[in-house]
Amino acid sequence: MDAVKGKDQGMQNTGGQLDRPAHFQLMESMLPKVVKRRVNALKRLQVQCTNIEAKFYEEVHELERKYAAIYEPLLEKRRDIVTGTVEPTDQECEWHSDREEEEELAAEVKKKATIEEAKKEEAMPEEDPKGIPDFWITIFKNVDMLNDMLQEHDEPILKHLKDIQVKFSEPGQPMSFTLEFHFEPNGYFNNAVLTKVYKMRSEPEASEPFSFDGPEIIDCEGCQIDWHKGKDVTVKTIKKKQKHKGRGTVRTVTKQVPNDSFFNFFNPVKASPDEDMDEESEFTLATDFEIGHFFRERIVPRAVLYFTGDALLEDESFDEEELEEGDEEEQDEDCEDDEDEGDFDPKKEQPQPAECKQQ
């Protein structure tokens with residue numbers, strides 16, 4: 001069960017009185033006075049249940065924080081293997097694959113086909129890459145949601161990404177989680193860690209208590225990237241020609257304008273409680289919340305499965321099953337329509353001319 005949802009979900013009022021269909025409001029208004037009185041009592045009970053539910057999610061957050069500390073040594077070991085700091089033992093590398101027999105058969109065929117190539121490789125020094133090259137950038141490319149954010153000029157920078165971690169707020173602090181992107185020293189910026197903090201709310205609103213459906217992300221804060229001179233990929237320089245109205249002389253001016261980049265992720269749109277956001281900004285912020293939630297719930301805990309594609313195959317299988325069921329229903333409907341059309345014969349429906357009737 002996901003313990004947090006994005007603001008795009010939270011912005012929908014699932015239980016507030018104002019958004020109820022008119023026929024529900026009409027139905028309630030037509031109830032006998034004594035019944036309406038009892039319904040009001042049930043609503044008061046529901047508010048109490050909602051407050052208990054909010055406490056439940058607060059305890060879930062504490063459990064997540066507790067178990068994050070238990071996961072931490074394993075995730076640190078993962079980071080060390082990825083970066084090549086630690087070489088896993090033979091025992092640690094043992095893994096039974098369901099496709100093992102197929103892989104062994106394919107390996108034998110490949111071995112026979114590459115004997116000559118192997119002989120040539122013997123004369124060359126064996127390549128020994130450090131750790132697991134391009135681990136995180138491969139994940140970014142494999143996941144559509146992240147790949148959509150990725151630009152060509154981001155890729156050389158993300159090759160320096162060592163690890164992504166999730167940190168939970170401390171007890172007694174407002175509920176939040178922080179994504180930490182750890183980088184090795186590089187020629188693009190000075191930061192060793194880039195952070196993104198997601199603030200959450202886990203309490204029902206007084207004005208609409210029935211819309212509460214668990215914790216929701218309500219805001220996020222990025223960080224300042226200390227770019228090296230000329231290396232900031234979030235901006236680009238353009239040249240424009242300007243003509244003097246009086247003298248008619250032309251000059252060329254340069255200015256910086258925003259540029260598409262994954263690293264805009266660390267400079268999010270700010271939610272203002274006092275001002276209404278335009279539709280585009282609202283959508284951008286909702287998408288940001290969804291991405292932050294996906295990093296926390298899926299990418300960081302299951303990184304290797306997104307690197308190998310196993311997690312993607314599971315998602316695709318689910319989607320295909322849903323699609324096939326829908327397609328079958330549509331095909332059945334089409335077949336029924338075709339059968340109906342096939343049964344209709346205009347010649348049979350039309351009366352025969354009088355001279356052709358059988359006596």
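Reader: Great, thanks. Is Phe266 buried or exposed?
Author: Phe266 counts as buried, because its relative accessibility is 2%. Buried means under 20% relative accessible area, exposed over 50%, and partly exposed in between, with a 1.4 Å probe and protein chains only.

Reader: Before we go on, what kind of model is this?
Author: This is a predicted model, where local features need pLDDT of at least 70, side-chain atom pairs count only at pLDDT 80 or more, and totals for chains, interfaces and linings use all residues. Residues are numbered from 1 along each chain as its sequence is written, and side-chain values use heavy atoms, with hydrogens and water left out.

Reader: And what is the mean pLDDT of the protein chain?
Author: The mean is 79, and 72% of the residues reach 70 or more; pLDDT is the predictor's confidence in each residue, from 0 to 100. Strand E2 (residues 176–183) has the highest confidence, at 97, while helix H1 (residues 7–10) has the lowest, at a mean of 40. Helices (H or I, at least four residues) and strands (E, at least two) are DSSP runs, numbered from the N terminus.

Reader: Where does pLDDT stay under 50?
Author: One such stretch is residues 1–18, for which the model has 44 contacts beyond four places in sequence; contact means heavy atoms within 4.5 Å. Residues 346–359 are also below 50, with 2 contacts beyond near neighbours in sequence. Where pLDDT is low, the predicted coordinates should not be read in detail.

Reader: OK, aromatics now. How many aromatic pairs are there in the whole structure?
Author: A search finds 23 aromatic pairs. Rings of Phe, Tyr and Trp (its six-membered ring) pair if their centres lie within 6.5 Å; planes under 30 degrees apart count as stacked, over 60 as edge-to-face and the rest as tilted. In one of them, Phe140 and Phe262 are edge-to-face, 5.1 Å centre to centre with 80° between the planes. That pair links distant parts of the chain, with Phe140 in helix H7 (residues 135–142) and Phe262 in the loop between E6 and H10, 122 residues apart. Both Phe140 and Phe262 are buried.

Reader: Why is the pair of Phe181 and Phe266 edge-to-face?
Author: Because the planes of Phe181 and Phe266 are at 90°, with the ring centres 5.2 Å apart. Phe181 sits in strand E2 and Phe266 in the loop between E6 and H10, 85 residues apart. Phe181 is buried too, at 0% relative accessibility.

Reader: Which residues form one aromatic cluster?
Author: Among them are Phe140, Phe181, Phe183, Trp227, Phe262 and Phe266.

Reader: Tell me about Phe183. What is it in contact with?
Author: Leaving aside neighbours within four places in sequence, the contacts of Phe183 include Ile157, Leu161, Phe189, Leu194 and Phe263. Phe183 lies in strand E2 and is buried, with a relative accessible area of 3%.

Reader: Switching topic: how many disulfides does the structure hold?
Author: The structure holds 0 disulfides, a disulfide being a pair of cysteine sulfur atoms within 2.5 Å. As for the cysteines, Cys220 is buried at 0% relative accessibility, whereas Cys223 is partly exposed at 23%.

Reader: Last one: how many bridges join E5 to E6?
Author: Strand E5 (residues 235–243) and strand E6 (residues 250–258) run antiparallel and are joined by 9 bridges; two strands pair if DSSP finds at least two bridges between them. Ile238 has Lys255 in E6 as its bridge partner. The two strands form a hairpin with 6 residues between them, and Gly248 in the turn has a positive phi of about 80°.
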